[in-house]
Amino acid sequence: MGQTGSNFGQTPRSSSGNSGTNNLPPLLFHEVHGENIRVSRDGTVARRASSFCKGVTFTNRPVKNSEKVYIKFLTVSNNWSGVIRFGFTCNDPSNLRNALPKYACPDLTNKTGYWAKALAEKFVEKDCILFYYVTTAGDIHFGINGEEKGIFLSGVETRGPLWAMIDVYGNTTAIELMDARHQLNNSRRVVNNHNSGASTPDPAERLIVQSMS
């Protein structure tokens, strides 16, 4: 059975980064998505064109354990109630073509193999970056702007492939999947500049260093 548990903000049982996952191809949005979603920028941006629902999206490939999914909030509205829902599924999105419901929660999470819930609205601001990942223990960890926030959800089955599942819901109207490899390269540049006595990196670069730690 899917899960929309209430482990929000618990202290992580184990920490994990992107070690061993940085050579993977960038995550893009899957061609199967909710009918109100418009995908652009070579598969990196998902925008909900109308209403507040029918915005379920998936990644185009399975996500490895401990591989971080980075999501930038491009546009945020105040016309609706609620915000992004996110998590994982072990069900291949290709099998959901023409069969997606309006909502990830509870329409999908009430079914076997879907784990997701809503992010707290206080974290959703324009240009903020959400990241999340799942550990081999089945815990989904999340963070905002490079700062770990703890365990978001537990009980994910990690023995098979998992696709990231993101519902562009409510006041979250457009998101971008960020390339973790670019963030790693930027963090290396910042560290090298620091070691060579170069000027202090700007806040955005410091954010990247934190998010890759």
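How many of the five residues of strand E8 (residues 140-144) are buried? In this predicted model, the count is five of five, and the strand is mostly covered. The sections below place E8 in its sheet and then turn to the rest of the protein.

The model has an average pLDDT of 84, and 75% of the residues score at least 70. Two stretches fall below 50. One covers residues 5-19, which still have 42 contacts in the model beyond near neighbours in sequence. The other covers residues 186-196, with nine contacts beyond four places in sequence.

The secondary structure consists of two helices and eleven strands. Along the sequence, the pattern reads β-β-β-β-β-β-β-β-β-β-β-α-α. The protein has 213 residues, of which 52% count as buried. Among contacts with a separation of 6 or more, 76% are between residues 24 or more positions apart.

Seven strands form an open sheet with antiparallel pairing, in the order E1-E2-E11-E4-E7-E8-E9. Strand E1 (37-40) and strand E9 (147-153) are the edges; each has a single partner strand, so one side of each lacks a neighbour in the sheet. From one strand to the next, the twist averages 25 degrees.

The pairings of this sheet can be followed from E2 onward. Strand E2 (residues 45-48) runs antiparallel to E11, with three bridges. Here Ala46 stands opposite Ile175 of E11. Strand E11 (residues 172-178) also pairs with E4, in the antiparallel sense, over six bridges. In that pairing, Val76 has Thr172 of E11 as its bridge partner. Strand E4 (residues 69-76) pairs in turn with strand E7 (residues 129-134), antiparallel, over four bridges. Tyr70 is placed opposite Phe131 of E7. The ring of Phe131 also has a charged neighbour: Lys68 lies over its face, 4.6 Å from the ring centre.

Strand E8 has antiparallel partners in both E7 and E9. Five bridges join E7 to E8, and Leu130 has Ile144 of E8 as its bridge partner. Five bridges also join E8 to E9. On that side, Ile144 is partnered by Glu147 of E9. The one between E8 and E9 has two residues between the strands, and Asn145 takes a positive phi near 50 degrees.

In a regular strand, side chains alternate between the two faces of the sheet. In E8, Ile140, Phe142 and Ile144 point one way, while His141 and Gly143 point the other way. Residues of both sets are buried.

The whole structure contains ten aromatic pairs.

A second open sheet has four strands. Their order is E3-E10-E5-E6, and the pairing is antiparallel. Strand E3 (56-58) and strand E6 (114-118) are the edge strands, each pairing on one side only. The twist here averages 20 degrees from one strand to the next. E3 pairs with strand E10 (residues 163-167) over three bridges, in the antiparallel sense. Within this pairing, Val56 stands opposite Asp167 of E10.

Asp127 lies in the loop between E6 and E7. The residue is partly exposed, with a relative accessible area of 40%. That value falls between the cut-offs of 20% for buried and 50% for exposed. Beyond its neighbours within four places in sequence, Asp127 contacts Lys72 and Phe73.

Technical notes: Residues are numbered from 1 along each chain as its sequence is written. This is a predicted model: local features need pLDDT of at least 70, side-chain atom pairs count only at pLDDT 80 or more; totals for chains, interfaces and linings use all residues. Side-chain values use heavy atoms; hydrogens and water are left out. Two strands pair if DSSP finds at least two bridges between them. Axes are lines fitted to C-alpha atoms, for helices over the stretch in contact, and angles run from 0 to 180 degrees between N-to-C directions. pLDDT is the predictor's confidence in each residue, from 0 to 100. Contact means heavy atoms within 4.5 Å. Rings of Phe, Tyr and Trp (its six-membered ring) pair if their centres lie within 6.5 Å; planes under 30 degrees apart count as stacked, over 60 as edge-to-face and the rest as tilted. A charge sits over a ring if NZ of Lys or CZ of Arg is within 6 Å of the ring centre and within 35 degrees of the ring normal. Buried means under 20% relative accessible area, exposed over 50%, partly exposed in between (1.4 Å probe, protein chains only).
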